[in-house]
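This explanation leads a new reader through one protein chain, from its overall make-up to a few of its side-chain arrangements. Please keep the sequence and the structure in view while reading.

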Amino acid sequence: MKKILEKIVAFTQTRYMRILTNGFLSIAAVSVAGSLFTLVKSIPLGFWQNFLTTSGLGEILSIPISCTTDLIAVYVCLSMANQVAKEFGKDPFSTAIVALGAFFLVVPFTGKVYSADYSQSLIATGIIPTASTGARAVFVGIFAGIVAARLYCFFVDKGWTIKMPDSVPDIISKMFEMMIPGGLVFLIFLAIRYGFSLTSYGTMQSFVYAILQKPFVSIGSGVVALLLYNSLGWVFFGFGIHGGMVMYTALIAVIPVVNAANTAAFAAGQAAPYQIWGWANFLADCNVLPLTIVMLLFAKSKQNRTIAKISVPTSIFNISEPLIYGIPCVMNPIMITPFFLTALVNTLLTVLVTSVGIVAPATGASFSMNIPSPILGALINSHWTGFVWGIVIWLIDMAIYYPFFRVWDKKAVETEMANEAETAA
């Protein structure tokens, strides 16, 4: 088991996995910025929602959300290229600009436009459809960002550049240095664009979405994938590995696509296409505070009482590390088991109650997982049932933790008594 875990960790640290992981993490600020407007727009109060509709403010608030989701592939491309440049020791700005140009070389400049009431449509030219820069194009953004940047670095390493005298200003020298490598990258991507134009798909975006992204996301965005995402991370934590990062890396090609598609649907006033994944942040760490409460109520060992008190502020905001490493849960099957079980039960029950209509479905709005669970639940589905479900989840998790914690606390008390007896002797 140890060797398997070592191989998994080693895989997540390979060069191109680092590029993918760091690339997506680097655009988190954009997602957070969009989430702030999402938060304001999705406050589940009837009078507020009516005001947004009647005043037109709701449409205005949708603009920054759309600027996040409808351009997500552009941000991904720039971020991936920036990470490639850092990995290969090249100028990040020059590399990212070339990659961005390569991305737009494979973007179609035609698309369907609609009248204000959506009753009429026509095909327009000289436009960039957001379908080619949004969630549907994330895989193309990854491809352009990594491949174009790597080609650029390769051509620079080969010395296929124009060298200017030292007396020439640095900004001018970089401009000339970019010309040949950048031009070669553009030629390659122009050839790619032409090649796809000869196929039935017409564009690279259509090909990648139909052949790669759509099937991959269909598999990775289901209930089974969410179960694995939420529960297996705790198993890795039990072996001292940051499970959240491992599972995020494993589904890194799916999660940003799903989140962007859900947020875009929310901004457009449509149902979330991946409803159950709208609860992912809610389910990620909603099982943290219940353990803290159990410890506060029932802990008899001095160590566990102290850890419980220290963990209250962080647990309220779903931060698990103080508990994971304070108890500790690493190499401790007694305590890591209920973490795994609560994650599994929480996910299955959430799927059940949202499927049968007991709890309103997720709207697609995206929020930080560090919001207290009942409040986060209400924001996710813009309904009071989300708040109630957050409370119910806490009660269920407390019941699951209780027997496991009593066993662990008893062992902790016995250890403390033995240490005190040894000290007294």
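The paragraphs below begin with the chain as a whole and then turn to particular residues.

The model is predicted. Its chain contains 20 helices and 2 strands. Of the 425 residues, 46% are buried. The chain exposes about 20,500 Å², and carbon and sulfur atoms supply 70% of this area. The contacts describe how parts of the sequence meet: among those between residues at least 6 apart in sequence, 72% join residues at least 24 apart.

In general, side chains of opposite charge can pair when their charged atoms come close. The count of salt bridges in this structure comes to 3. One of them joins the side chains of E87 and R15, with a distance of 3.6 Å from N to O. Because E87 belongs to helix α6 (residues 72–87) and R15 to helix α2 (residues 15–26), this pair ties together parts that are 72 residues apart in sequence. E87 has a relative accessibility of 21% and therefore counts as partly exposed. R15, at 36%, counts as partly exposed as well.

E87 also meets the side chain of R18 in a salt bridge, here at 2.9 Å from N to O. This pair again links distant parts of the chain, since R18 is in helix α2 and E87 in helix α6, 69 residues apart. R18 is partly exposed, its relative accessible area being 27%. Taken together, R15, R18 and E87 are linked in a network of salt bridges.

A further salt bridge is formed by K90 and D157, whose closest N and O atoms are 2.6 Å apart. K90 lies in the loop between α6 and α7 (92–105), while D157 is in helix α8 (residues 138–157), so the pair ties together parts that are 67 residues apart in sequence. Is K90 buried or exposed? With a relative accessible area of 17%, K90 is buried, because the limit for a buried residue is under 20%.

Charged side chains also meet an aromatic ring. R15, already described as a partner of E87 in a salt bridge, lies over the face of F88 at 4.2 Å from the ring centre. The ring of F88 has the charged end of R150 over it too, 4.0 Å from its centre.

The aromatic residues can next be considered with one another. The structure holds 13 aromatic pairs. In one of them, the rings of W279 and F282 have their centres 5.4 Å apart and their planes at 80 degrees, so the arrangement is edge-to-face. Both W279 and F282 are buried. Elsewhere, F154, F155 and W160 form one aromatic cluster.

The last stop concerns the backbone. S382 has a positive phi of about 50 degrees, although this residue is not a glycine. Where does S382 lie? S382 is found in the loop between α19 (373–381) and α20 (384–424). Its relative accessibility is 26%, and S382 therefore counts as partly exposed.

Conventions: Residues are numbered from 1 along each chain as its sequence is written. Side-chain values use heavy atoms; hydrogens and water are left out. Helices (H or I, at least four residues) and strands (E, at least two) are DSSP runs, numbered from the N terminus. Buried means under 20% relative accessible area, exposed over 50%, partly exposed in between (1.4 Å probe, protein chains only). Contact means heavy atoms within 4.5 Å. Accessible areas come from the Shrake-Rupley method with a 1.4 Å probe; for residues, only the protein chains shown count as cover. A salt bridge is a side-chain nitrogen of Lys or Arg within 4 Å of a carboxyl oxygen of Asp or Glu. Rings of Phe, Tyr and Trp (its six-membered ring) pair if their centres lie within 6.5 Å; planes under 30 degrees apart count as stacked, over 60 as edge-to-face and the rest as tilted. A charge sits over a ring if NZ of Lys or CZ of Arg is within 6 Å of the ring centre and within 35 degrees of the ring normal.
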